Amino acid sequence: MHDTLLMALYAFLGAAATGLAGAGVLRLIRRRSLTASLAVVAAVAVLAMLAGTLAVAEAMFLSAHDLSVVTTVVAMAAVVSLATALLLGRWVVARSRELQLAARSFGDGGDFAAPARPATAELAALSQELAATSAKLAESRERERALESSRRELVAWISHDLRTPLAGLRAMAEALEDGVAGDPDRYLKQIRAEVERLNDMVGDLFELSRIHAGALALTPSRMSLYDLVGDALAGADPLARERGVRLVGDQVEPVPVEVDGREMSRVLGNLLVNAIRRTPADGTVAVAATCSPDGVVLSVTDGCGGIPEEDLPRVFDTGWRGTHARTPPAGAGLGLAIVRGIVEAHRGQATVRNIPGGCRFEVTLPAAEG
């Protein structure tokens with residue numbers, strides 16, 4: 001038993017010395033190829049065994065013949081180990097280079113295509129992560145292109161919409177200044193209407209900029225959805241009467257919600273104005289509010305005839321104004337974008353879908369606690 005422990009101690013000391021030397025070499029070549037590191041690991045394993053054997057042989061006074069035999073066996077093992085390590089290292093390096101070349105497509109704006117040949121489990125997992133990241137980047141690039149297109153459309157529409165009232169204001173001001181206005185009071189009323197229109201447009205732009213900048217500060221309070229809808233219907237009633245549109249709000253449940261009353265009133269106002277302007281005379285705009293497993297669902301249904309299916313994903317985009325974009329009631333295409341921004345700030349969701357004869361805008365809000 002004593003001899004066994006002594007041999008184990010000598011073998012351990014010899015192997016430990018080799019292992020420490022190998023660790024130092026690995027640290028020096030840590031930035032080199034994986035092939036070199038695997039070769040060092042294989043060499044350390046063989047040399048550790050050889051060092052331990054030599055230490056035991058020296059302590060146990062083995063014969064020269066026995067020592068030669070052991071050394072020869074270890075040498076053959078070293079050759080096979082090094083060859084295996086080099087082959088494995090070259091194979092792993094080749095798969096890594098293929099993965100590196102495939103990853104270059106990120107910088108070129110392309111999609112990542114994983115190498116077809118098999119790789120190690122780690123490289124395969126890395127390839128899967130790169131593919132998932134590539135898909136996310138592609139979606140991000142697509143959203144960025146859509147946002148950039150929306151910004152360009154917004155600038156074009158705003159420029160057009162600002163130019164028209166400004167030109168009218170200048171013409172009316174010149175007429176009043178030159179004393180050629182037949183009915184000055186009518187001109188003054190028209191100037192005030194155009195100024196109000198410009199003020200609303202600037203207000204929408206300011207609100208949208210706050211939403212995009214994440215600077216929309218909400219002051220939520222507990223209130224009844226019935227009261228909120230009632231106030232919005234009262235505010236939209238004059239426009240509905242002017243256009244001959246019926247407002248219906250008899251399907252509103254008095255459920256409590258935790259919202260910013262001012263901002264949610266703007267949401268309802270924008271949805272109602274949009275619905276009234278798109279609904280023909282003698283049509284109906286209906287407001288409903290119900291509870292669902294997802295929260296509180298507030299809907300506004302109009303009689304616009306429906307929205308083309310290809311346009312439904314863009315309805316809430318900034319600057320989108322649909323097929324009637326050239327008509328004055330279309331506005332600057334900011335109302336629905338503001339609706340989505342305010343609703344998402346309340347941790348809700350705004351959606352739209354077609355129904356027979358029109359479309360339905362739905363706002364889903366979290367239910368009030370308690």
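View 1. Ile355 stands opposite Gly358 in β7. The model shown is predicted: local features require pLDDT of at least 70 and side-chain atom pairs pLDDT 80 or more, while totals for chains, interfaces and linings use all residues. Residues are numbered from 1 along each chain as its sequence is written, and side-chain values use heavy atoms, with hydrogens and water left out. Strands β6 (residues 349-355) and β7 (residues 358-365) run antiparallel and are joined by seven bridges; strands count as paired if DSSP finds at least two bridges between them. The two strands form a hairpin with two residues between them, and Gly357 in the turn has a positive phi of about 90°. Strands (E, at least two residues) and helices (H or I, at least four) are DSSP runs, numbered from the N terminus.

View 2. Buried denotes under 20% relative accessible area, exposed over 50%, and partly exposed the range in between, with a 1.4 Å probe and protein chains only. Strand β1 (residues 221-224) pairs with β3 in the antiparallel sense over four bridges. Glu258 in β3 is the bridge partner of Arg222.

**View 3. Helix α7.** This helix (residues 261-278) has 18 residues and reaches 26 Å from its first C-alpha to its last, close to the expected 26 Å at 1.5 Å a residue. The expected span is 1.5 Å times one less than the number of residues. Buried residues of α7 include Met264, Val267, Leu268, Leu271, Leu272 and Ile276. At the start of α7, a side-chain oxygen of Asp260 lies within 3.1 Å of the backbone nitrogen of Arg262.

**View 4. Helix α5 and the residue that follows.** With 29 residues, α5 reaches 42 Å from its first C-alpha to its last, close to the 42 Å expected at 1.5 Å a residue. Among its buried residues are Tyr187, Ile191, Glu194, Leu198 and Glu207. Just after α5, Gly214 takes a positive phi of about 70°.

Key. A polar contact is a pair of N or O atoms within 3.5 Å; within protein, one must be able to donate a hydrogen and the other to accept it, and residues adjacent in sequence count only if both atoms are side-chain atoms.
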